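Please keep the sequence and the model in view while going through the numbered points.

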Amino acid sequence: MGFIEHALVGLWAVLSNVWPFLLVLTPVIFIHELGHFLVARWCGVKVQTFSIGFGKEIFHFYDRYGTRWRFAWVPLGGYVKFMDDDNASSFPSREALDRMTPAEREGAFQTKPLAARAAIVAAGPIANFLLSIGIFTLLLTFLGEMVTPPRVGEVEAGSRAAAAGLKVDDTVVRINGEDIASFGEIDRMVALYGNRPLTVVVDRAGKPVELTVAPAASGAASDSAGKKTERPTIGILPPLMPARVGGVVSGSPAAHAGFEAGDLIVSIDGTPIKSFKDMQAIVKASAGRELAFEVERGGRTARLVATPEEREATDASGSKIKQGMIGIRAAPPEGQLRRYGPIEAFGQAVGKTYAIVNDSVTALYLIATRSMSADQLRGPLGIAEMSAQVASWGVVPLISFLAMISVAIGFFNLLPVPVLDGGHLMFYAIEAVRRQPLSERTQEISFRIGLALVLLLFIFVTIKDTTRPGGWFNSLFG
């Protein structure tokens, strides 16, 4: 494939990432700024502008209070501008305050009590957390959640888990002192701690056994096309998934053969199939060869014929290999569908939101101490790519992803960095102790330093996003 073909493929990949990204980011930003806006109005502050996005304006309108609501072309942020926002640090000069009429001073942000200013600033991140809690509550109330028990279904040969002594049917009870209730929590802890050794306590035939295992980086298929991404792993799999079809890729051999979601593959060319992995092994080794599938559908048996297409993939060692694919996705792992009442769902939602914040704090510490690779960080491009990937899984996963991004943005804005909400709250804390605010000059210098730090972080994560294996940049220029 030539450069032009590569560029067109990469450009299409970029464009296909845009709409899920906007669908995720726009409501999160809107809710964040709405939090600032509503509390400011409640505290009597006059809001001049409510903007979603930066740059050239697409359209605007005024509400009955005179606030200009604008939507701009660059949807990577937003802002609420108060009447007395004379500079980027929201610290008006004494001259500007003196020029205000008594009515204008009444609606100024900086003339409000310290508690009111802190509440207005904190309202944005809090709104993000409330959005996440609300989404998780609704999902848990109406859909419940599938919980896969933390039982080891398979230990990969030569893996870190095998070397540590983990065995099939071990039930993971705790990792690094944290109780484990589902297999998903094992993956979360492994991803969180990267290559740091984990203290794993398992229940083996009713007896507790403590093991130490250090995750290793490994390629893992991230979508139906077989694209690989690097992630930490210890080499264990959940209880074996039955070979049940969870979805069919449009235009694939499976779609042409008539496979449907819910089909259970019983055999291939007469060979019994006990798990989805058994089916994959045969399909991968049969590129270009017609296969006869026996499937159970609605209590009846059907015979379907499909010929796997040859695709290029990357094996665990990083080598390029050719393998067959027919275009079916696995059904969710077997587990218990837990349903919750509204009150219990709310409690679980608060717990999930807290867990994301706690994991974020832990991840920042591990990255700062170089115990975790900074490759785990994602910028706008990385989030856009993740949004497109999650969108391909369905509406519910995308909504859940939106909730997680909302928590992440709320947490990021609370970091004590000047220019972020957390930086303003830090200044207010200092003001509360000193009984007077820092000087305008000090705040302006701090703001410039904070802005430089945020820009450097943006450049850093963008470089990571564009150089990550399998990312859109490599698709464009690879």
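**Notes on contacts, rings and cores**

1. Leaving out residues up to four places away in sequence, Thr 137 touches Pro 342, Ala 345, Phe 346 and Ala 349. The model in which these contacts are found is a predicted one. Thr 137 itself belongs to helix α4, which spans residues 114–142. Its relative accessible area is 13%, so Thr 137 counts as buried, the limit being under 20%.

2. Helix α4 also deserves attention for its part in the largest nonpolar core. This core has 39 residues, and the members that touch the most others are Phe 82, Phe 109 and Ile 120. Two or more residues each come from α1, β1, β2, α4, α9 (342–368), α10 (380–391) and α11 (395–413). Among these elements, α4 gives the most, with nine residues.

3. Which residues are in contact with Phe 82, leaving aside its neighbours within four places in sequence? They are Ala 40, Val 45, Lys 46, Val 47, Gln 48, Phe 109 and Ile 120. Another core, of 22 residues, lies apart from the largest one; Leu 166, Ile 175, Tyr 193 and Val 202 are among its members.

4. The aromatic residues form nine pairs. In one of them, Phe 37 and Trp 69, the ring centres are 5.0 Å apart and the planes meet at 65°, so the pair is edge-to-face. This pair links distant parts of the chain, since Phe 37 lies in helix α1 (residues 3–42) and Trp 69 in strand β2 (residues 68–82), 32 residues apart. Both Phe 37 and Trp 69 are buried.

5. A stacked pair is formed by Phe 54 and Tyr 79, with 5.9 Å from centre to centre and 15° between the planes. Here too distant parts of the chain are linked: Phe 54 is in strand β1 (residues 47–62) and Tyr 79 in strand β2, 25 residues apart. Are these two residues buried or partly exposed? Phe 54 is partly exposed because its relative accessibility is 35%, and Tyr 79, at 28%, is partly exposed as well.

6. Phe 37 and Trp 69 also belong to one aromatic cluster, together with Phe 30, Phe 50 and Phe 61.

7. Finally, strands β7 (residues 198–204) and β8 (residues 207–213) run antiparallel and are joined by seven bridges. Val 200 has Leu 211 in β8 as its bridge partner.

Notes
Residues numbered from 1 in each chain as written. Predicted model: local features only at pLDDT ≥ 70, side-chain atom pairs only at ≥ 80, totals over all residues. Heavy atoms only, no water. Pairing = 2+ DSSP bridges. Helix = DSSP H or I, 4+ residues; strand = E, 2+ residues; numbered from the N terminus. Buried < 20%, exposed > 50% of the residue type's maximum accessible area, 1.4 Å probe, protein only. Contact = heavy atoms within 4.5 Å. Phe/Tyr/Trp six-rings, centres within 6.5 Å; stacked < 30°, edge-to-face > 60°. Core = buried A, V, L, I, M, F, W, Y, C linked by side-chain atoms within 4.5 Å.
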